[in-house]
Amino acid sequence: MSYRQARWEEPAIWELAPPRPVEAVPAIPGVPERFRRREPVRWPELSEPTVVRHYTRLSQMNFGIDTGTYPLGSCTMKYNPKVSEVLARRAGAAQIHPYQPESTVQGSLELTWRLERLLGKITGFPEVSLQPAAGAHGEYTSLLMVKAHFRDRGEAERRTEVLLPDTAHGTNPASASMAGFVTREIPSKDGCVDLAALRAALSDRTACFMLTNPNTAGLFESEILEIAEAVHAAGALLYYDGANLNAILGVTHPGRMGFDLAHLNLHKTFATPHGGGGPGAGVLGATEALAPYLPVPRVVKQGRRFRLDYDRPKSIGKVKTAYGNFGLDLRAYAFIVAHGEEGLRHIARRSVLNANYVAARLGRRLPRPFRPLVKHEFVLSGVPLKERGVRTLDLAKRLLDEGIHAPTIYFPMLVEEALMIELPETESPRALDEFAAAVERALDDTPEHLRAAPTACAVGRIDEVRAAREPILSWKDQRAAAGAVPPPGPEADPGTPPAA
Amino acid sequence: MPGSGRRVRATALVRWISDEAGEEAGLLRALGLTSADELFRDVPKKARLGRLGVGASREEPEVVAEVDRLLDRNRPLGRFASFLGGRISARYAPAAVDAIVSRSEFYTSYTPYQAEASQGMLRALFEFQSLWVELSGVDVANASLYDGATAAGEALLFCRRLHEGRRFLVPASLPWEEKSVLANYASGPGLVVEEIPYDARTGRLDLEFVRAAVAAKDVFGLLADVPNGFGVLDEGIFELKGILGEVPFVVAADPLALTVLEPPGSYGADVVVGEGQGFGIAPSFGGPLLGLFACRKEHVRQAPGRIVGASVDAYGRPAFTLTLQTREQHIRRSRATSNICTNESLMALAFVVYASVVGPRGLARLQTSLAEKARTLATALGPLGGLQAPRFESPYLGEFTLELARGDCAGFLERLRRRRVLGGHPLADPRPGAARSPERLLVAPSPWVGEKEIARYAAAAKAWSATGGGA
């Protein structure tokens, strides 16, 4: 209860510099006058200390894993090892251009090749590509491969459907649509895929079934082998969304479970920083039958040399400018090398233990809609709060005041007022207990206090409806709306918010 | 060396996993379990694994040694005079940029869905959006996409939401990687990417081709790039909107070029995309990069990706939040405008910090000086036999196309590399099935290149030319 986020009345960066005389953009020899920018870029000229202080103050109004527990379900917010940050900034990693001759980038190629092999072992696939930039990008790339595969078999015209459970991440149906498929949701039974419903939905129109296992209810799909059999019997492919791989590292893998394609999120399981929403890296694994469709180039080893191979006639081509997000690949490589076989198993064991420990405790206070044994995350329902006139959203905001990030809320959609909680292996028992106690305190708090939360953050509850109804999306909009929005400053402040 | 012995701890092998004083046993006891194996009884036996075969765990110094061993096999840009460019550039970023990006409140945070606890990132992203709006000259920017190529892909799909049709026009001079990415984005909905031929002498778009295509009524969008894939500044770009009429017009622009060139919004662009890596982001063998996207305000509800908006909090104070989220995958699912979730927020932060530290005058100076270097080199190479520099008779900025009349880009580049010069990158599609194209290089002097390095390039090229290189 001692948390208090910094609350700077920091102006926008363009308010930090006094207006300056407009200076014409220089003419460049050989460039016709018509191209020359008539109005110079309106952006402030500031000294470096002013800029650094501005963004340092902004950082102090931002919550990160290093600040406190971050129990976001399906996001795997684990500690980001500091050594990876140091290594990714070495000149040999950062100051490498992707168009350098292969002889000068043997280290990058070898690291990529090695990481692909390690991830191949972890996922059970013979080939892995690091090209996709994020999980959703990996899904999309996979679905283009699925399409190419069925085109080669003369079935593309017919196989136009992608099936997914109602617990699927939103990216799954969105990726399927972008790739030109029609999506169909399979209802869940007790939080898992209803095998009978899946069987009934599978047909010769099905291209692919997309599945997350453990799923977003935190449950392991124990009928996975039967699911794989049913999907394959229908001539369709099985796709693994690797968002929740953390729970099963070394225990099982998509290859063994019968999946044909998988993406992994290096920014989840392999601890590369989320960066306030990105960058990520969406590794893609494929069976032997689907590997020929992977994007080019592929990194290959010839004798002791490594090179980029573009000779893949069945490849779908490219999905990104360069090969992949190497800066993140390197961090993931360091993470895997450090953990090794036993360390990876330990991650699964400990993340599952953490989830079950906190689930057991909080299950005494809020309903748990599904069976008790969960994997790395669990779901609670905030429905009982409604009797007191508060919602899951209020509980989430109240946690922010404790110096703890809120869990994922209102997802999965099949649970009313859902809270989805994940506490990765890097969280100590002390952190787990503090989190559980904070939720309990919030549940015991008054509805008025819950609805007023947060009060200890840089700002109070934000009017999101107004943001969407009258969108002000840039400095330009702010100038246009000047007058409509009260300027920051003492006269616009209706008083000090209540102390936390 | 410390820690080089394979020390196996009694409990946690890796100190990043929480396990002080055997705490796992306590957690198991609290659950009434005797072994952690019981937690996995829901995984069928037939799906269980033996060993993965990924090796034993290692202590931090060993990990450092292993990664450094690999990185030592690389030769970083600093060892060469670099003329590598294209969409990815090597430029100096003031140390202050990395100092801010390294603030762990920023880099260890998640997507700012809990806006009250994430004002820092939201405000930085709002400033980033404002900067791209200013540079591009259109109304609304999103909070980033993966890279320039995928931003172009998203622009293609965006145009299709605004306009009927099946064909999307792009310059034939567009880098092959981008054409390939665009073809993939088009393939989902069964759309076609069609190449606009260029004038062989000037490298400029064939506007008659565009006119005819638009008249056929089946074009739903057109993308043109500034500078184009040959480094050419094509004056035809000012006429495109007039030809396109209501057909959406996408400009892919280099943000540094926009500090000295007219903003695409001023000549009718409906969408402006770009690669933002050159602003404070290390090339890192090609990633992470930064996709820039901006569009007109009336189309914002069709835009892909996250957008930060201004609002107020419960006390009336200015506050920022992700907004217009009903466009996005986590709400709209199969009907979302895009599947993108994770984007490149931290890179967007680097972009706006870089621009703020260097300042608009500094940026314009940098672009001016790079243009001067490119001119000096092209002038030095011009008279040499067997090569044509610049290949196209058109204005250019910091990069130009060099054509080797007798071919053999690889031999030319290798000759230069031996003199510690990275002479450019081949423009041809390297896939064996690709159509044969002339042997061309895109040459882009880096900021570190001075008169001496330009002279070295010219001398090596001269020697290559004199010995009948490529013949």
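A residue is termed buried if 20 or more other C-beta atoms lie within 10 Å of its own, exposed if 12 or fewer do, and partly exposed in between, with C-beta atoms placed from the backbone. The model is predicted, so local features need pLDDT of at least 70 and side-chain atom pairs count only at pLDDT 80 or more, while totals for chains, interfaces and linings use all residues. Residues are numbered from 1 along each chain as its sequence is written, and chains are lettered from A and ligands numbered from 1 in the order in which they are written.

Most residues other than glycine have a negative phi, and most peptide bonds are trans. A:Tyr410, although not a glycine, has a positive phi of about 60°. This residue lies in the loop between β13 and β14 of chain A, where strands (E, at least two residues) and helices (H or I, at least four) are DSSP runs numbered from the N terminus. A:Tyr410 has 18 C-beta neighbours inside 10 Å and therefore counts as partly exposed. The loop between β13 (408-409) and β14 (418-422) of chain A also holds A:Pro412, which a cis peptide bond with omega of about 0° joins to A:Phe411. Another cis bond, with omega near 0°, runs from A:Ala453 to A:Pro454; A:Pro454 is placed in the loop between α13 (447-452) and α14 (464-469) of chain A.

In chain B, B:Phe285 is not a glycine either, yet has a positive phi of about 55°. Its loop connects β7 (271-275) and β8 (291-295) of chain B. With 30 other C-beta atoms within 10 Å, B:Phe285 is buried.

Attention now turns to the contact between the chains, where two residues are in contact if their C-beta atoms, placed from the backbone, lie within 7 Å. Chain A contributes 182 residues and chain B 172 residues. On the side of chain A that touches chain B, α10(A) gives the most, with 24 residues. That side of chain A comprises 98 nonpolar, 53 polar and 31 charged residues; Ala, Val, Leu, Ile, Met, Phe, Trp, Tyr, Cys and Pro count as nonpolar, Asp, Glu, Lys and Arg as charged, and the others, Gly among them, as polar.

Helix α10 (residues 326-362) of chain A and helix α2 (residues 60-71) of chain B have axes that come within 10 Å and cross at roughly 135°; axes are lines fitted to C-alpha atoms, for helices over the stretch in contact, and angles run from 0 to 180 degrees between N-to-C directions. The two helices are therefore oblique to each other, a class left over once angles under 35 degrees (roughly parallel), over 145 (roughly antiparallel) and 65 to 115 (roughly perpendicular) are set aside. A:Leu330, A:Tyr333, A:Ala334, A:Val337 and A:Ala338 of α10(A) meet B:Glu60, B:Val63, B:Glu66 and B:Val67 of α2(B). This contact has 7 nonpolar, no polar and 2 charged residues.

B:Glu235 touches A:Pro32 and A:Arg34, not counting residues up to four places away in sequence. B:Glu235 is found in the loop between β5 (219-226) and α9 (240-244) of chain B, and counts as partly exposed with 15 C-beta neighbours inside 10 Å. Its C-alpha atom and that of B:Ser394, 159 residues apart along the chain, are separated by 9.1 Å.
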